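Here are my notes for anyone opening this one for the first time. Have a look at the structure, then work through the points in order.

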Amino acid sequence: GSDFPGQGLAPLNAILGGLRATLAGPGGAVLRAHLAAPGGGEAYVQVTSLLNGEYSGTGAGEGVVLDVLSTLRSLLAGSEAAAAAFGRDVGYGTFAAALRAAWGAAPVTRQLLRRGLGLAVGGGDV
């Protein structure tokens, strides 16, 4: 349960949205480089760990997965160093397993496919 009943995932959505907005802003490249530096990869771990949350029965699981994918795309966009740091600190196999576990047996939606492809190609909308 939540310590703040009634808020649902609004605080989480706001935090992830704020991070994406910051990365898209004028200081985004500097922040991305800082996070990609050795010892800075904890952000990748924390964002990926959101896939391990208990969202069953809340109807929020899909939204969290899509927000995580969008945030990771923002964290890794246009940066080979960030992609390498993500691979080092999280690992693509670990990420894939967490994503599969978080999505569950539900059919893959068009939105999941688009966000996953966007993350894979490192670009904007697919």
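1. Let's start with charges. A salt bridge here is a side-chain nitrogen of Lys or Arg within 4 Å of a carboxyl oxygen of Asp or Glu. With that rule, the count is two salt bridges. Before going further, note that this is a predicted model, where local features need pLDDT of at least 70, side-chain atom pairs count only at pLDDT 80 or more, and totals for chains, interfaces and linings use all residues. Residues are numbered from 1 along each chain as its sequence is written, and side-chain values use heavy atoms, with hydrogens and water left out.

2. What is the overall make-up? The secondary structure comes to seven helices and zero strands, where helices (H or I, at least four residues) and strands (E, at least two) are DSSP runs numbered from the N terminus. In order, then, the elements read α-α-α-α-α-α-α. Of the 126 residues in the protein chain, 33% count as buried; buried means under 20% relative accessible area, exposed over 50%, and partly exposed in between (1.4 Å probe, protein chains only).

3. Back to the salt bridges, one at a time. Asp 67 and Arg 20 meet through their side chains at 3.6 Å, N to O. This pair links distant parts of the chain, as Asp 67 sits in helix H4 and Arg 20 in helix H1, 47 residues apart. Asp 67 is buried, because its relative accessible area is 13%, while Arg 20, at 21%, is partly exposed.

4. The other bridge joins Asp 89 and Arg 88, with the closest N and O atoms 3.0 Å apart. Asp 89 counts as partly exposed at 29% relative accessibility, and Arg 88 is partly exposed too, at 46%.

5. Arg 20 turns up again around Ser 74. Contact means heavy atoms within 4.5 Å. Leaving out residues up to four places away in sequence, Ser 74 touches Arg 20, Leu 23 and Arg 32. Ser 74 is found in helix H4 and has 15% relative accessibility, so this serine counts as buried.

6. Now the inside. A nonpolar core is a set of buried Ala, Val, Leu, Ile, Met, Phe, Trp, Tyr and Cys residues joined through side-chain atoms within 4.5 Å. Which residues touch the most other members of the largest one? Among its 27 residues, those are Tyr 44, Leu 72 and Phe 95. Elements giving two or more residues to this core are H1 (10–24), H2 (28–36), H3 (42–49), H4 (61–76), H5 (80–89), H6 (92–103) and H7 (110–121). The largest share, eight residues, comes from H4. As background, nonpolar side chains tend to be buried together in soluble globular proteins.

7. Apart from neighbours within four places in sequence, Phe 95 is in contact with Thr 48, Leu 51, Leu 69, Leu 72, Phe 86, Val 90 and Leu 119. Its C-alpha atom is separated by 9.4 Å from that of Val 45, 50 residues apart along the chain.

8. Then the rings. Rings of Phe, Tyr and Trp (its six-membered ring) pair if their centres lie within 6.5 Å; planes under 30 degrees apart count as stacked, over 60 as edge-to-face and the rest as tilted. There are three aromatic pairs by this rule. Tyr 44 and Phe 86 are edge-to-face, 6.0 Å centre to centre with 85 degrees between the planes. Tyr 44 lies in helix H3 and Phe 86 in helix H5, so this pair ties together parts 42 residues apart in sequence. Tyr 44 is buried at 0% relative accessibility, and Phe 86 is buried at 1%. Phe 86 and Phe 95 are also edge-to-face, because their ring centres are 5.7 Å apart and their planes are at 75 degrees. Ring pairs link Tyr 44, Phe 86, Tyr 92 and Phe 95 into a cluster.

9. In the protein chain, residues 24 or more positions apart account for 71% of the contacts with a separation of 6 or more.
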